[in-house]
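Work through the exercises below with the sequence and the 3D structure open beside you. Try each task before you read its solution.

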Amino acid sequence: MAREKRPLEDSTPDGMPEEKRQRPGLASVIVEAVKMDSLQKLCSTLEPLLRRVVGEEVERALAKFTPPKVGVRSSPKRIQGPDQRNLRLQFRNKLALPLFTGSKIEGEQASSIHVVLVDADTGRVVTGGPEAAAKLDVVVLEGDFAADDDENWSQEEFENVEVRERDGKRPLLTGDLTVVLKDGVGSLGDLSFTDNSSWIRSRKFRLGVKISSGFCEGLRIREAKTEAFTVKDHRGELYKKHYPPALTDEVWRLDKIGKDGAFHKRLNQSGIQTVEDFLRLVVMDPQRLRNILGNGMSNKMWEGTVEHAKTCVLSGKLYVYYADDKQNIGVIFNNIFQLMGLIADGSYMSVDSLSDNEKVYVDKLVKVAYENWENVVDYDGEALIGVETYPVKGIDSYTEEPNNGAGVRNPYPQGPNNVTQQQTALPSSQSAPMQQQRSSTSSSGATGSGWYPLKLNVGP
């Protein structure tokens, strides 16, 4: 009987000896370890992102089933009183800028600053009820309070941007700090700033008004605010320009001419002290004026300065230069020596109504007048004309470049020059009064008037 072989004790279940099994290589072990490490790093990187996304989704889902928390700002809603009205304070006019410390705060064109109480739903002024006679407080606000005027901000938001004076300083705003409404309308009194706005975060202030404590309790009335503005130190007011300038203003009040600067000194040395002096030379000899200012003033600067000067309001003074002692014929100039027209046989004729031959005569007469200005006769406009004149509209007819000026070479003579006068017969003008008509530029370049005359019947 055959005898079964006993299996070896050290053999494996699959019949292979243990020492002969295939073992994993070192390289494969390293690869597996690297894969596991990368997976762990990826999970650790994604975990905070997944937590945040899940948290936001959970909060969004819960918000649909829970009321909003107190203090959390939701979408703007109408601020209404118990009677469901949407009441607001509003400034009706803008401030005159720039503002300087110590100077009175005014509206544009030196007007009072008005504030009104309106119903925002209808746009009408609220003239009845206790709120129409409420007392208001005037406050200073941060310039960067950017809430839109149509937005209904809260009282807390408004008061959080109120500005107080700096430590150790006087109250920032002084004067009449309260306004009492009458039929829903009030006006700010005398107010001025004691400090500039350079130290505030936005470097700008706003004025605001709000209902005083103790008035309109239980009724929400939205506050009002002005546009943002800069408050400069009062020393800057000494150097500010005037818009429009006055004839008597010093010439440095014009744009591009700095006080005590090079242009200012050159003009003063040439006898040009005021805006009126500047304008007269613009009319009589613009090239000479251009040469006085020199190459340091570019063409663009020159144009800006002249345009600013032209906004000046002229006075009613007139000058007449007569061609002979009988005063039958003469040329009329305004107070900046700008040609307005001609007097001939007791009647007025505008430059554009003259014939070509008559214009040649007028051109020569204008040159003679400029060279003998000491012989002109000055009149009050009404005294000369004797009838109503129309308001001055400014100077806007001078359009020539400095190099193509009128050609008058001696605007400030030391004495009369012997200039031959061509005696050209001029017909008497019997035309109807010329209203709303500008005098045009004559052929010599003498500029037309910016006035709107005239109804002239001038006696001999």
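**Exercise 1.** What percentage of the contacts in the protein chain with a separation of 6 or more is accounted for by residues 24 or more positions apart?

*Solution.* Begin with the ground rules: this is a predicted model, in which local features need pLDDT of at least 70, side-chain atom pairs count only at pLDDT 80 or more, and totals for chains, interfaces and linings use all residues. Residues are numbered from 1 along each chain as its sequence is written, and side-chain values use heavy atoms, with hydrogens and water left out. Next, recall that a contact means heavy atoms within 4.5 Å. Counted in this way, residues 24 or more positions apart account for 67% of the contacts with a separation of 6 or more.

**Exercise 2.** Describe the protein chain by its helices and strands and by its buried residues.

*Solution.* Helices (H or I, at least four residues) and strands (E, at least two) are DSSP runs, numbered from the N terminus, and the chain holds 8 helices and 18 strands. For burial, the relative accessible area is used, with a 1.4 Å probe and protein chains only: under 20% is buried, over 50% is exposed, and in between is partly exposed. Of the 460 residues, 41% are buried.

**Exercise 3.** Find the cis peptide bonds that join L97 to P98 and Y243 to P244, and then examine the phi values of R203 and D260.

*Solution.* Most residues other than glycine have a negative phi, and most peptide bonds are trans. Between L97 and P98 the bond is cis, with omega about 0°, and P98 sits in the loop between β1 (87-91) and β2 (99-100). From Y243 to P244 the bond is cis as well, with omega near -5°, and P244 belongs to the loop between β13 (231-232) and α3 (262-269). D260 lies in the loop between β13 and α3 and has a positive phi near 65°; its relative accessibility is 48%, so D260 counts as partly exposed. R203, in the loop between β9 (191-193) and β10 (205-211), also has a positive phi near 65°, and R203 counts as exposed because its relative accessibility is 52%.

**Exercise 4.** In which order do the 4 strands of the open sheet stand, and which strands are at the edges?

*Solution.* Two strands pair if DSSP finds at least two bridges between them. The order is β7-β5-β10-β12, with antiparallel pairing. The edges are β7 (178-180) and β12 (224-225), each of which has a single partner strand, so one side of each is left without a neighbour in the sheet. Strand β5 (residues 135-142) is joined to β7 by 3 bridges, and K135 has V180 of β7 as its bridge partner. K135 is also among the residues in contact with S212, together with L136 and D137, when neighbours of S212 within four places in sequence are left aside. S212 is found in the loop between β10 and β11 (221-222), and at 6% relative accessibility S212 counts as buried.

**Exercise 5.** How do the axes of α3 and helix α5 (residues 286-293) cross, and which residues make the contact?

*Solution.* Axes are lines fitted to C-alpha atoms, for helices over the stretch in contact, and angles run from 0 to 180 degrees between N-to-C directions. The two axes come within 9 Å and cross at roughly 130°. Angles under 35 degrees count as roughly parallel, over 145 as roughly antiparallel, 65 to 115 as roughly perpendicular and the rest as oblique, and α3 and α5 are therefore oblique to each other. F263, R266 and L267 of α3 meet L289, I292 and L293 of α5.
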